[in-house]
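Open the model in your viewer and keep the sequence panel beside it. This tour tells you what to select at each stop.

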Amino acid sequence: MSERANFGSKVGVVLATAGSAVGLGNVWRFPFMAGHNGGAVFMLVYLGCILLLGIPGMVSEFIVGRHSQANAARAYGTLTNRKGWGFIGLLGILTSTIILGFYSVVAGWCLQYLGTSAVGGLKGDSTYVQQYFQNFSSDPVKPALLGVAFVFITHIIVVRGVRNGIEKASKLLMPLLFILLLIIVIASCSLPNASEGIEFLLKPDFSKVSNKMFLEALGQAFFSLSLGTACLCTYASYYSRQTHLLQSAAQIALVDFLIALMAGLMIFPAAFSVGVQPDSGPSLIFITLPRVFQQAFSFLPALGYVISLMFYALLVFAALTSTISMHEIGTAFFHEELKMKRPVAAWIETIVCSLIAVFCSLSVGNPDIQVMGMPLMDFCDHLTAQYMLPAGALLTSILVGWFASKTLVREEFTNWETNGPKSLFGVYLFCVRFIVPVCIFLILMHQFGVI
Ligand code: TRP
């Protein structure tokens with residue numbers, strides 16, 4: 001195997017992994033999940049999941065990846081001397097391929113909104129904006145084509161290699177997204193009745209605790225951190241021996257949480273202000289945002305125009321840094337394990353994901369494409385986030401906590417007793433051995449009504 005690429009700089013590593021984490025999961029998925037699970041209580045459980053399960057889970061995936069310096073399947077297979085564990089990597093490759101399929105459809109919607117806002121086509125009252133989304137997303141052709149186009153754009157970047165594509169893009173665009181979100185949050189919070197939305201997101205109402213909320217918060221936390229599909233493992237296989245694993249995980253989790261919080265503060269005040277239900281589902285951001293851009297900037301429509309354009313452009317880029325990371329998992333596997341040339345490996349991933357994207361997109365407006373009573377699109381989201389990601393993270397923590405050599409795990413955690421946080425190793429190991437598996441198990445049991 002040829003020498004594997006390395007990330008160029010310490011900052012590049014964190015930014016590229018953060019680029020994978022920050023995406024539509026934060027801006028599109030988090031608000032509608034929080035919206036239909038009662039807002040602030042969901043936030044609390046979500047935050048708990050990130051701290052208690054997310055960060056240790058991320059470190060575990062980093063350890064598996066950096067130790068092996070290989071693709072997902074080989075990484076899991078070589079951590080212990082039992083190759084069979086490689087199936088966790090294979091499961092991750094399958095999960096990320098399904099996610100990439102439906103994720104591209106939503107990314108395609110963002111492309112459409114970018115184009116429409118460029119020509120000023122998103123102006124109108126909330127009924128108009130709602131209708132616009134409905135008509136567009138249920139169209140059989142255009143959204144499917146845009147979804148496939150998004151997979152192709154991802155393909156092109158992935159084929160160009162790790163350093164050039166991923167690292168450069170993340171370095172520039174992530175901070176820009178952050179600043180723009182901040183501006184939109186301020187605009188949204190200045191709308192009439194915005195305080196109701198802020199309260200909805202930040203003031204817990206414990207009567208809204210529900211059975212399914214725990215699993216949805218867990219799934220959202222993992223989805224948003226890119227955890228449970230060997231995605232972080234694949235990225236960590238490009239890390240250097242000096243990369244501080246715990247610190248990187250904590251920084252990425254913090255950035256990821258802040259972006260989700262900002263997305264919430266951008267959408268709920270606007271939703272309450274224009275009278276859109278906070279639990280209106282996947283369409284939430286697509287019907288509230290156009291109203292923010294019009295109403296909040298009505299004193300200077302040109303500013304609203306520029307901001308909305310920049311916003312959709314950055315959202316597309318944020319989605320792209322995430323799709324690249326999902327695509328890379330499968331591509332690295334086909335390339336290294338099945339000995340295909342990198343472009344051929346990337347093509348296989350691209351074709352499979354495009355097919356999933358087409359069927360998911362068609363299912364949005366077509367009642368015939370259903371699985372277990374939901375449109376295929378929702379089914380893929382539900383299956384991956386709520387079951388496959390927790391399963392991946394659960395298995396990883398069992399492998400790292402109970403089956404891998406403790407010396408190896410300690411060496412990776414402490415960077416061979418150099419700059420790693422030696423005193424926290426015990427805490428980390430306790431989390432990975434007990435807290436993570438037990439909590440995930442309990443949450444799954446709770447969902448099935450066993451407890
Ligand atoms: N975390 C990304 C987001 O929030 C999505 C993502 C990228 C992902 N890679 C992943 C989700 C791997 C699960 C697994 O948009």
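The stops below run from the whole chain to single residues.

**Stop 1: the whole chain.** Keep in mind that this is a predicted model. Colour the protein chain by secondary structure: there are 18 helices and two strands. Its radius of gyration is 21 Å, close to the 22 Å that the globule rule gives for 451 residues, so the chain is as compact as a globular protein of that length. Turn the view along the principal axes. The C-alpha atoms fill a box of roughly 60 × 50 × 45 Å. Now colour by burial: 56% of the 451 residues are buried. Residues 24 or more positions apart account for 83% of them.

Stop 2: Colour the shell by class.

**Stop 3: helix H5.** H5 has 33 residues. From its first C-alpha to its last it reaches 47 Å, close to the 48 Å expected at 1.5 Å a residue. Is H5 largely enclosed or largely open? Of its 33 residues, 25 are buried, so H5 is largely enclosed by the rest of the structure. Step just past its end to Gly120, which takes a positive phi of about 70°.

**Stop 4: helix H7.** Select residues 142–159, which form H7. Its 18 residues should span 26 Å at 1.5 Å a residue, and its end C-alpha atoms are 26 Å apart, which agrees. Which residues of H7 are buried? Pick out Pro143, Ala144, Leu146, Gly147, Val148, Phe150, Val151, Thr154, His155 and Val158.

Leu145 has 15 C-beta neighbours inside 10 Å, so it counts as partly exposed. Draw a distance from Leu145 to Ser354. The two are 209 residues apart along the chain, yet their C-alpha atoms are separated by 9.3 Å.

Then move to Val158, also in H7. Val158 counts as buried because it has 26 C-beta neighbours inside 10 Å; the cut-off is 20 or more. Draw a distance from Val158 to Phe413. They lie 255 residues apart in sequence, and 29 Å apart in space, C-alpha to C-alpha.

**Stop 5: two loops.** Go to Gln69, in the loop between H3 (40–68) and H4 (72–79). Check its backbone: phi is positive, about 50°, although Gln69 is not a glycine. Gln69 has 17 other C-beta atoms within 10 Å, so it is partly exposed.

Finish at Lys339, in the loop between H14 and H15 (342–365). Lys339 is not a glycine either, and its phi is positive, near 60°. Is Lys339 buried or exposed? Lys339 has 9 C-beta neighbours inside 10 Å, so it counts as exposed.

How values were computed:
Residues are numbered from 1 along each chain as its sequence is written. This is a predicted model: local features need pLDDT of at least 70, side-chain atom pairs count only at pLDDT 80 or more; totals for chains, interfaces and linings use all residues. Helices (H or I, at least four residues) and strands (E, at least two) are DSSP runs, numbered from the N terminus. The expected span of a helix is 1.5 Å times one less than its number of residues. A residue is buried if 20 or more other C-beta atoms lie within 10 Å of its own, exposed if 12 or fewer, and partly exposed in between; C-beta atoms are placed from the backbone. The radius of gyration is taken over C-alpha atoms; the globule rule is 2.2 Å times the number of residues to the power 0.38. Two residues are in contact if their C-beta atoms, placed from the backbone, lie within 7 Å.
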